[in-house]
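Dear colleague,

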Amino acid sequence: MTDAVRAQNLSKIYGTGTAAVTALDNVSVTIARGTVAALLGPSGSGKSTLIKALGFVSPADTGEVFFEGRSVVKDGVPLEDLSRLRRRHLGFVFQKANLTSFLSARENVEIACEFGGKADGRSRARELLRYLDVGNREDSYPEMLSGGEQQRVAIARALANEPSLILADEPTAALDSVRSRTVMELFRTVAHERGAAVLVVTHDHRALDVFDVLYEMEDGRIRPAQHGLPTST
Amino acid sequence: MNLAIRDVRRHLARFVGTAAGVGLLLSVVIAMQGIYAGMVDDATILTRAMRADVWIVQRETRGPFAESSRLDPSVEARAAAVPGVRSARPYTYQLIQREHRGAVMRIALVGLGWPDDSGRSLPLVRGRQLAQPHGEMIADASMGLGIGETLVLAGEPYRVVGLTRNALTSGGDSVAFLTTADTQLVAFDQPSEATVLERQRVLERLRRTEIGRSQPSLEDLPTDPRWRAPALASPPVAAVLLEVAPHRLAEVRETLQRWGDVTAYTQEEEETLLLGGVVQRARMQIGLFTVILTLTAAVIVMMVMYNLTLEKTHDLAVLKLMGAPRTRLLGLILQQAWLLGVLGYAVAFAIAEFAFPMFPRRVLITPAISLIAPFATMAVVTLASVLGLSHVMRIDPARALEG
């Protein structure tokens, strides 16, 4: 399996002097395509900072991020158009669905297809919504959808540009246990069937068996975790 | 996919409401400009309608509009004899206020030099010119009188035979055109007893004299309603209007300058007197108010655009995180601003079309206003979207990850 994203020695510090907080401390991590990985850890451990660095949203101060083998950000300096990279190759799923409020379910997916340069966005959006079992709600606006339906549409939107990497930040926090597991299983299906690399930040330990790889973060450092092992929360 | 249209469609009622508000604001700006233009036009319409080359007024006055002017009626005959003058006619102008059908009516009475001038230069929209020396008037439509209706002035009925549109004074009062003799009857309304006694005295004298006995038809003269008793002074006129042969204007003016009792103005000078005197202060006031109102409208539209953008901050952050090209997001704001401008202008245009004619003062939408207003509206909304655009540029896509 090829690497979708590889981070090498990422460090990031917020604030200065005595108020300085180390969010990332020499973090190195690799997510391969076709893999679904979980990122565990307590609040403030640096998970969201790592997601932002790997998603090319807020670069780390030092270190390097490789995407599909090429260096994209080095020591905080972008080496490529990061917006273009995001719209072509990355998908995001958030704690809340964060669907665009003035677009219908289909249009939310369709606009992501458009940004990703995919032809025939409308039919692709319909296909994805059907794949995620919300095809019957394509004309509904986000506020008309249940939390679970919104999250499915958000996943469909994340898949719209056929991403190499999907980053999900606590995507099941607002869902009950049954729906949480369904969503996690969906990520695994996406990774295995579509060959995407999926990194999911989660606090939900009930569905850890779904993941191929587990990472744990604490005080800005990352280490591999094992299935069934207790983690600090 | 057009994001601006999608957003408008989703919040249609609110957007249309906002556009209506912007339209009302624009209509006020256009109305102020229209009132300003109307005031300037009203100030000159009376002088232009008379189509005179030279206005002779009382010496060293700026009459007859900027200040009162009283000329002896003999000036008309003297002026007519000046080489180069094609015709001379008297002109009277006075403001009166009467009650008609229970409402107060302010009218500017303008005298036409019958029979030379029966109102042929007036822009009639209905009816005809004056056809007899007494008892007829041409009224402005703003007076609310119809053809055939009568208005009683100084005890005499005057029938409306023609209607003009927008013949107003600089103060916005309607103008009615009568013969000069009739306006003088109204202006110098003699007590009827004085006229009857004087008429009786003249008839008695005619019967006592040889000339009266030999020409009995002379006894008809004092019974003519236009007859003025010799014992009563001839009423003055406000001005004498001259029509001058082409290329002889300078020569005529030079002659008139030598007369000790009059001052002569060309048509352009008379207009300048009006604009520089009567309406100058009001013009400046409305002009300044228009500028302030335009700036206020721009600021309000700017805040409206900014608030519309602020409401979308989270959506825009999500779109940015998804890698939306900057042009798409800036286009969303700009297109909405333009749409707001177009809808707002349409509302303002509708108001101008249907409501402005009902305003008590004339709102004149000149071709310049019609041409400039839509472009100015689009320029204002484009400028007004600058705050919103700068907000879009500053949105951090990481905000989308913060839930």
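In which sense do β5(B) and strand β7 (residues 156–164) of chain B pair, and over how many bridges? The pairing is parallel and runs over five bridges, and within it B:Asp140 has B:Thr164 of β7(B) as its bridge partner. Please keep in mind throughout that this is a predicted model.

To stay with β5(B), which covers residues 136–140, this strand also pairs with strand β8 (residues 174–179) of chain B, here in the antiparallel sense and over two bridges, with B:Ile138 standing opposite B:Phe177 in β8(B). The strand is mostly covered, as five of its five residues are buried: B:Glu136, B:Ile138 and B:Asp140 point one way, whereas B:Met137 and B:Ala139 point the other way.

As to confidence, the mean pLDDT of chain B is 84, and 96% of its residues reach 70 or more. Among the elements of chain B, β5(B) has the highest mean pLDDT, at 92, while helix α5 (residues 192–208) has the lowest, at 77. For the model as a whole, the scores are ipTM 0.82 and pTM 0.70.

The domain assignment divides chain B into domain 1 (3–42 + 281–402), domain 2 (72–188 + 236–260) and domain 3 (189–234). Between domain 2 and domain 3 of chain B, the C-alpha centres lie 27 Å apart.

Turning to chain A, you will find an open sheet of five strands in the order β2-β1-β4-β5-β6, with antiparallel pairing. Its edge strands are β2 (21–32) and β6 (77–78), each of which pairs on one side only. At the β6(A) end, strand β5 (residues 70–74) of chain A pairs with β6(A) over two bridges, and A:Lys74 stands opposite A:Val77. Helix α1 (residues 47–54) of chain A lies across β1 (3–14), β2 and β4 (62–67) of that chain, and runs at about 125° to β1(A).

Finally, where the two chains meet, 26 residues of chain A are in contact with 17 residues of chain B. On the side of chain A that touches chain B, α1, α2 (82–89) and α3 (105–115) of chain A each supply at least two residues, and α3(A) gives the most, with six. By class, that side of chain A has ten nonpolar, seven polar and nine charged residues.

With best wishes

Technical notes
Residues are numbered from 1 along each chain as its sequence is written. Chains are lettered from A and ligands numbered from 1 in the order in which they are written. This is a predicted model: local features need pLDDT of at least 70, side-chain atom pairs count only at pLDDT 80 or more; totals for chains, interfaces and linings use all residues. Two strands pair if DSSP finds at least two bridges between them. Helices (H or I, at least four residues) and strands (E, at least two) are DSSP runs, numbered from the N terminus. Two residues are in contact if their C-beta atoms, placed from the backbone, lie within 7 Å. Axes are lines fitted to C-alpha atoms, for helices over the stretch in contact, and angles run from 0 to 180 degrees between N-to-C directions. pLDDT is the predictor's confidence in each residue, from 0 to 100. Domain bounds come from an automatic or database domain assignment. Ala, Val, Leu, Ile, Met, Phe, Trp, Tyr, Cys and Pro count as nonpolar, Asp, Glu, Lys and Arg as charged, and the others, Gly among them, as polar. A residue is buried if 20 or more other C-beta atoms lie within 10 Å of its own, exposed if 12 or fewer, and partly exposed in between; C-beta atoms are placed from the backbone.
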